[in-house]
Amino acid sequence: MPSSMSVVISYAQSLDGRVATASGASRWISCPESLEYAHTLRRDNDAILVGIGTVLSDDPLLTCRLPNARSPQRIVLDSALRIPRESQIVRTASEVPTTVLFNRDCPSVDTTSVESLRSLGLEVAPISHNGKGLVLCAVLEQLSARGLRSVFVEGGPGVITAFLREDLVDEVHLVVAPVMIGTGIAAVGELGVTRLEQAPRFETVSVSRLGEDLLWLLRKRNVGR
Ligand SMILES: NC(=O)c1ccc[n+]([C@@H]2O[C@H](COP(=O)([O-])OP(=O)(O)OC[C@H]3O[C@@H](n4cnc5c(N)ncnc54)[C@H](OP(=O)(O)O)[C@@H]3O)[C@@H](O)[C@H]2O)c1
């Protein structure tokens, strides 16, 4: 990873570690204070990144709605360019810089689909794919080459899991809401951990309250500690 690029992840989970119900509903697990906190993370980072799963499920705007604050550049990982033309992100692409990264070898992506998105104001750029997803180091290199220094990965679980699995996360801002969902969508999926020594570990920076929720700020633990 480019050493100058900081990767921050944040998500709101239930007490039992779910970010959505089994049917994909996630609005809203967290309280208004936590939603406002997410906007401070949008304000304080150069870019905000989500996977296409979050766009298809939630149709987010991904802008910072705090007064007098700028919005981060929006980045969507979308291997096959499935992003809907009527999505909020596409409809506001001329107002907020937005990049969709796709699989450079995807057979279903042709010049016409790339050009039609570009004509709507999006930047559309090819990235290598490793068979499971877009290569995250290549994604971070692209962002770094544009002069961006920090990226806030706001979800969803597929992308968050991938960043954790690749050991690319510097900070976790974990919001835990006092609600039980039961069977649902887990915040973090398969990390390939079979021995505990392999598990990514973090150190606690602070624990605080956001309204009814708990905010647990964690930083990557240095190797050897
Ligand atoms: N509570 C919260 O804080 C929160 C936040 C966000 C989302 N959510 C919930 O999460 C659910 C969506 O989950 P999701 O996992 O589908 O969303 P996601 O992580 O936003 O999107 C996953 C998709 O991104 C694409 N992708 C491209 N490169 C990838 C890579 N290297 N690693 C992983 N994914 C890559 C893949 O689709 P392609 O192969 O087509 O590229 C993949 O299926 C929704 O129910 C949403 O409401 C909750």
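In which loop is Asn 68 found? Asn 68 is in the loop between α2 (52-58) and β4 (73-77), where helices (H or I, at least four residues) and strands (E, at least two) are DSSP runs numbered from the N terminus.

The model is predicted: local features need pLDDT of at least 70, side-chain atom pairs count only at pLDDT 80 or more, and totals for chains, interfaces and linings use all residues. Residues are numbered from 1 along each chain as its sequence is written, and side-chain values use heavy atoms, with hydrogens and water left out.

**Backbone features**

Asn 68 has a phi near 60°, a positive value in a residue other than glycine. Asn 68 is exposed, at a relative accessible area of 86%. For this term, exposed is over 50%, buried is under 20% and partly exposed lies in between (1.4 Å probe, protein chains only). Asp 167, also not a glycine, has a positive phi of about 55°. Asp 167 sits in the loop between α6 and β8 (171-177) and is partly exposed, with a relative accessible area of 46%.

Two peptide bonds are cis. One joins Arg 27 and Trp 28, with omega about -15°; Trp 28 belongs to the loop between β2 (18-21) and α1 (32-44). Another runs from Gly 155 to Gly 156, with omega near -5°, and Gly 156 lies in the loop between β7 (150-155) and α6 (157-165).

**The ligand**

The shell around the ligand holds 27 residues, and Ser 26, Thr 54, Ser 79, Arg 82 and Gly 156 come nearest. A residue counts as near if one of its heavy atoms lies within 4 Å. By type, the shell divides into 12 nonpolar, 11 polar and four charged residues. Here Ala, Val, Leu, Ile, Met, Phe, Trp, Tyr, Cys and Pro count as nonpolar, Asp, Glu, Lys and Arg as charged, and the others, Gly among them, as polar. Helix α2 gives the largest share of the shell, five residues.

| Residue | Part of the residue | Distance to a ligand oxygen |
|---|---|---|
| Gly 24 | polar backbone atom | 3.0 Å |
| Gly 53 | backbone N or O atom | 3.1 Å |
| Asp 58 | side-chain N or O atom | 2.8 Å |

On its own the ligand has 930 Å² of accessible area, and the protein covers 81% of this. Accessible areas come from the Shrake-Rupley method with a 1.4 Å probe. Elements giving two or more residues to the shell are β1 (6-14), β2, α2, β7 and α6.

Notes
A polar contact is a pair of N or O atoms within 3.5 Å; within protein, one must be able to donate a hydrogen and the other to accept it, and residues adjacent in sequence count only if both atoms are side-chain atoms.
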